[in-house]
Amino acid sequence: MEDKSVNKPQNGSLLISEPFLGDPNFERTVILVCNHDEAEGTFGLVLNRTSNLRLADVVDVYNEDFDAELGVGGPVQYNTLHYVHRMAELPQSVKLDEGLYWGGDFERLRTMIGAGLVNTEDIKFFLGYSGWTAGQLQEEIDKNVWIVNNDAANKLFNLDSDTLWRSVLREMGGKFKVLSNYPTDPRLN
């Protein structure tokens, strides 16, 4: 009997899209689950989609040397800014995993950036987010739309976003390593 607990997302889980997913918003994406509540729903950020914008294009950061790119966190509310980071000292941050935090006091973050206390290697910014209503994500997982990895979120700063989908699957080994080599368009094989 298959252990379904490995298919249960939690705060800090990574959702890896199956290679057969036809939705262009989520094709070959890796999503960090920031808040999962069975009764309320799920909030996550796509980690491997970039935009053409930089942080300074959307908000004053008080430091012209701080040049952070903006990712596309998902198809919901592109006018909102979200961030994940490695700064335990940022007030109001939510701990997702060892050394991985979501959000926090944005004014304090801007002050820290202005003072040169934040490295772009320690924070990732996103426009928009991905969201599921109560029960919706689990239904998609049960239909094999998403692969859940509850043991890799703290590695997201160490992996290149361009190859994140493939890297996470390879690291999982077994059948997932095989999936990592699945061609984008199998008709061209």
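Colleague: Which residue forms a salt bridge with glutamate 98, and how far apart are the closest N and O atoms?

Modeller: Bear in mind that this is a predicted model. In it, glutamate 98 forms a salt bridge with lysine 95, and the closest N and O atoms are 3.3 Å apart.

Colleague: How many salt bridges does a search of the whole structure find?

Modeller: The search finds five. One of them is formed by arginine 54 with aspartate 67, where the closest N and O atoms are 3.0 Å apart. That pair links distant parts of the chain, since arginine 54 sits in strand β4 (residues 50-54) and aspartate 67 in the loop between α1 (55-58) and β5 (69-72), 13 residues apart. Arginine 54 also forms a salt bridge with glutamate 69, with the closest N and O atoms 4.0 Å apart; here the link runs from strand β5 to strand β4, over 15 residues.

Colleague: How should I read strand β2, and which strands does it pair with?

Modeller: The general idea is that in a regular strand the side chains alternate between the two faces of the sheet. In this case, six of the eight residues of β2 (residues 30-37) are buried, so the strand is largely enclosed by the rest of the structure. Strand β1 (residues 14-17) runs antiparallel to β2 and is joined to it by three bridges, with isoleucine 16 standing opposite valine 30. Strand β3 (residues 41-46) is also antiparallel to β2, through six bridges, and there aspartate 37 stands opposite glycine 41. Between β2 and β3 lie three residues, and the two strands form a hairpin.

Colleague: Where does glutamate 18 lie, and what is the nearest side chain of opposite charge?

Modeller: Glutamate 18 lies in the loop between β1 and β2. It is buried yet has no salt bridge, and the nearest side chain of opposite charge, lysine 175, is 6.9 Å away. Leaving aside residues up to four places away in sequence, glutamate 18 touches Asn144, Val145, Trp146, Ile147 and Leu179. Asparagine 144 belongs to the loop between α3 (136-142) and β10 (146-149), and it is exposed, with a relative accessible area of 53%. Along the sequence asparagine 144 and glutamate 18 are 126 residues apart, but from C-alpha to C-alpha the separation is 7.0 Å.

Colleague: What does the radius of gyration say about the chain as a whole?

Modeller: The idea is to compare it with the value for a compact globule, which for 189 residues would be near 16 Å; the protein chain has 17 Å, which agrees. The chain has five helices and 10 strands, and its C-alpha trace spans about 55 × 40 × 30 Å along the principal axes. Of its 189 residues, 44% count as buried.

Notes: Residues are numbered from 1 along each chain as its sequence is written. This is a predicted model: local features need pLDDT of at least 70, side-chain atom pairs count only at pLDDT 80 or more; totals for chains, interfaces and linings use all residues. Side-chain values use heavy atoms; hydrogens and water are left out. Buried means under 20% relative accessible area, exposed over 50%, partly exposed in between (1.4 Å probe, protein chains only). Helices (H or I, at least four residues) and strands (E, at least two) are DSSP runs, numbered from the N terminus. Two strands pair if DSSP finds at least two bridges between them. Lys and Arg count as positive and Asp and Glu as negative; His and the chain ends are not counted. Contact means heavy atoms within 4.5 Å. The radius of gyration is taken over C-alpha atoms; the globule rule is 2.2 Å times the number of residues to the power 0.38.
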